[in-house]
Amino acid sequence: MSDVLAAYDRFLGEALPEDYAARVDHYRHDDHLRTEFQVASFEAGWLVPDWEPGLGGQGLSSGDALAVRVEGARRRVPKIHNVQGVGVVAPGLRRFGTPAQQDRLLRPVLRGDEWWALGMSEPGSGSDLASLRTQARREGDVFVVNGSKIWTTQARESRWATLYVRTDPDAARPHAGISCLILDLRSPGVDVRPIPRAAQSVDAFCEVFLDDVRIPADNLLGPLNGGWRVASESLEHERDMIWVNNWVEIAQAVEPALRRPDLGDDALTELGRILADAEAVRFTGLRTVFGRLSGRDPDEFFILKLLGSEAAQRATRFAMESTGVDGLLDAQLMEDRVESLGATIYGGTSEVQRNIIGERVLGLPRDR
Amino acid sequence: MSAVSTTTASRVHTDPSRWRDLVDSDERAEFAASVRAHLGARFGPDAARACFDAAQPAEAWREIAAADYPVIGLPEAMGGAGSIVDAVAMVEAAGPALVPLPLVSTVTAWQTVAHAGRPSEGRAYEVSSERRAALAVVDGTDELVVLDGALADEVVLVDVRGAAVRVSVADVSDAVTAVHRHVDPGRPTAVLDRTRLSETVLADGRTDVDAVLAPARTVLAADLTGVGATALDRAVRHALEREQFGKRIGAFQGIKHRLADVYVAVERARSLTRAAAVALASDGTSDLSAAELALLAKAAATDAAVDSTRAYVQVLGAMGMTFEADAHLYFRRAQQTAPFLGSAADCYRAAALVRREDHR
């Protein structure tokens, strides 16, 4: 084992309860532990290990940071509760934020003291995000914002949101007229309404209504009308790493089946197919990482979301169906099953992923 | 809060750096490109089509031997150089050419010998590029069904009937009793009469059948991945040219999404195949057994090749059902290779059993 992984192992030994490995399914719902663990990871430099000390990191190489992420996922360390805060908002702030924005906002989001929502989808703009219509009009030193957002995860618990708004309705291409504003969700004119969920374990998503909300012009994140770039580059960090969790989740969903001696041939075949999916996610992810390290831009990256989410769904289906009627007695199985249905929707639906592969990788003509 | 057991962490190696060889070095990428160019120019669909009317072009083996492809990735003691990762890159790059000679069967045979362990007297079995070989699994009768065995000079036998797996080699001489060319005449199936073979035992020290067959499965997976990738490439080219209803058919989501799914299948197969090769080359230092990875790779590559070549026929429309179009040649190559060393379903199932065993 490398020195880095040995040090991470020591950290986990101190930060997690003694019986963590044995009772991981119990601790999965322990929100207090999740909060504490995020703070401890931040302080000790294991939260984003390739970032600098003081920002949740310790300046590790990206290869070592990957090793830590893999090991953490494999050991099922407590999940970050406001995952988009650390995974998407923090990289965006670090890349595009002014020094004042970074000073005020980076540390609280990384520690989990202040949660963030992503104000992206709208009622009329889901897969077609560039068509968004929430409008921001400049008046002196504020933007006046009107419109609404939907499917905004954790908006009710969050203090802030990255709000994508139309600042230039006359731009030649719709992508070019979008800006990113930092919205204080406590501002007058903001109305957050939770949407009832299909499953308890799905993080609450909300509608956010914006009625003449005044946002200081200083809260512009990145360049005016440069919001599309802010969005895509903020998502990059997580986009390159999310397969690690995906791989482990697929493998873990079918793990109980590995303890059963009574599976028939068809079930074993399906189990093998899911194991292949899980390992294909891992090795494709690693090909992507090593490819980027050697200066390429690997096409195979584009299969990760589609394969990973579809496989996660097959895995939860297998977990339920292979247990027969007994599976209905285990509430967690159905929770996981319903939750997995979202995996092929959020972050770009499977249908959009197939368009992306067809057009960007295979070079087929656009149909729009 | 106190210490968790550190043994759980150190038992399994998850350090990703050991998988670095998943991605080709510049040198290996150049080598693969040269193989693709050489074999593509020398063989290709027309050479495969010619095998329907004439015998396989046996004399052309000289050129394959001269390039030393058959011994690439073998240990130096056997007369080779490099690792099985190089062999896998070479075999995948040969895919577009539909080579009508027993290159893949020779590589499966010699790679099996290379990983089977040394014979008791400690001498490695030396091979030469001039000799063509094939692999036979002995699990029942003395009638051995062998992939691409018609031109083989030697046959490597993996006898799985006893407690220990026995790997032996024999000259084929007059043991071929039948050759079936109807699926893919460029890569026919031969039937060998085992009672006519005089076998020399090379290794009998291992008990795990799937471990002994792992190198051969990995090589077949590379072949199937190469065939699948080629069929996809050709289907995409057609979808970019053919117009119906006033636009190129690749713009329709019915076609686009089908081909996107094929792309996923091909890359899934490629990732698992490379991983199996890296695991074999690093000899048991990975957290997954090479036996399991090779089973997953063979299964995934079989799925990818059969689905991709089928999609290639479909995208061509009625043209895909003609002798002159190349699609059926790739489809035949995929169907011919698919059942050897276990169907996709067999391999998935066996992999699940290996994982269950390791899980205990």
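Predicted model: local features only at pLDDT ≥ 70, side-chain atom pairs only at ≥ 80, totals over all residues.
Q: What makes strand S3 of chain B count as largely enclosed by the rest of the structure?
A: Buried means under 20% relative accessible area. Six of the six residues of S3(B), residues 154-159, are buried, so the strand is largely enclosed by the rest of the structure.

Q: Which residues show that both faces of S3(B) are covered?
A: On one side sit B:Glu154, B:Val156 and B:Val158, and on the other B:Val155, B:Leu157 and B:Asp159; all of them are buried.

Q: How do you know that strand S1 of chain B and S3(B) pair?
A: Two strands pair if DSSP finds at least two bridges between them. S1(B), residues 133-138, and S3(B) have six bridges, in the parallel sense, so they count as paired. Within this pairing, B:Val137 stands opposite B:Val158.

Q: What joins S3(B) to strand S4 of chain B, and how many residues does the hairpin between them run through?
A: Six bridges join S3(B) to S4(B), residues 165-171, and the two run antiparallel. B:Val155 stands opposite B:Ala170 in S4(B). The hairpin that joins these strands runs through five residues.

Q: Why are strands S2 and S5 of chain B called edge strands?
A: The open sheet of three strands has the order S2-S6-S5 in chain B, with antiparallel pairing. S2 (143-147) and S5 (176-180) each pair on one side only, which is what gives them the name by the definition of pairing. Direction ignored, neighbouring strands of this sheet are turned by 20° against each other on average.

Q: How do you know that S2(B) pairs with strand S6 of chain B?
A: At least two bridges are needed, and five join S2(B) to S6(B), residues 189-193, with the strands running antiparallel. B:Val146 stands opposite B:Ala190 in S6(B).

Q: Why does the span of helix H9 of chain A agree with what its residues should give?
A: At 1.5 Å a residue, the 29 residues of H9(A), 265-293, should span 42 Å, and the end C-alpha atoms are 42 Å apart, so the two agree.

Q: What makes H9(A) mostly covered?
A: Of its 29 residues, 23 are buried, each with under 20% relative accessible area. Just after this helix, A:Gly295 takes a positive phi of about 85°.

Q: Which residues lie nearest the centre of the second largest pocket, and how many line it?
A: This pocket, with a volume of about 930 Å³, is lined by 32 residues, and A:Arg287, B:Arg36, B:Glu92, B:Glu267 and B:Arg270 lie nearest its centre. The elements giving two or more residues to the lining are H9 of chain A and, from chain B, H2 (26-42), H5 (84-94), H7 (209-241) and H8 (253-281). H7(B) gives the most, with six residues.

Q: What makes a space a cavity rather than a pocket?
A: In a cavity a 1.4 Å probe fits but cannot get out, whereas a pocket is open. A search of the whole structure finds four cavities of 30 Å³ or more. The largest cavity has a volume of about 70 Å³, and its lining includes B:Val91, B:Leu98, B:Arg187, B:Asp223 and B:Arg333. H5 and H6 (103-115) of chain B each supply at least two residues of that lining.

Conventions:
Residues numbered from 1 in each chain as written. Chains lettered and ligands numbered in written order. Heavy atoms only, no water. Helix = DSSP H or I, 4+ residues; strand = E, 2+ residues; numbered from the N terminus. Expected span 1.5 Å × (residues − 1). Buried < 20%, exposed > 50% of the residue type's maximum accessible area, 1.4 Å probe, protein only. Axes fitted to C-alpha atoms, helices over the stretch in contact; angles between N-to-C directions. 1 Å grid on protein atoms, 1.4 Å probe; cavity = no way out; pocket = protein on both sides within 12 Å on 5 of 7 lines; lining within 4 Å. Points joined across faces, edges and corners; volume = space filled by probe spheres on them.
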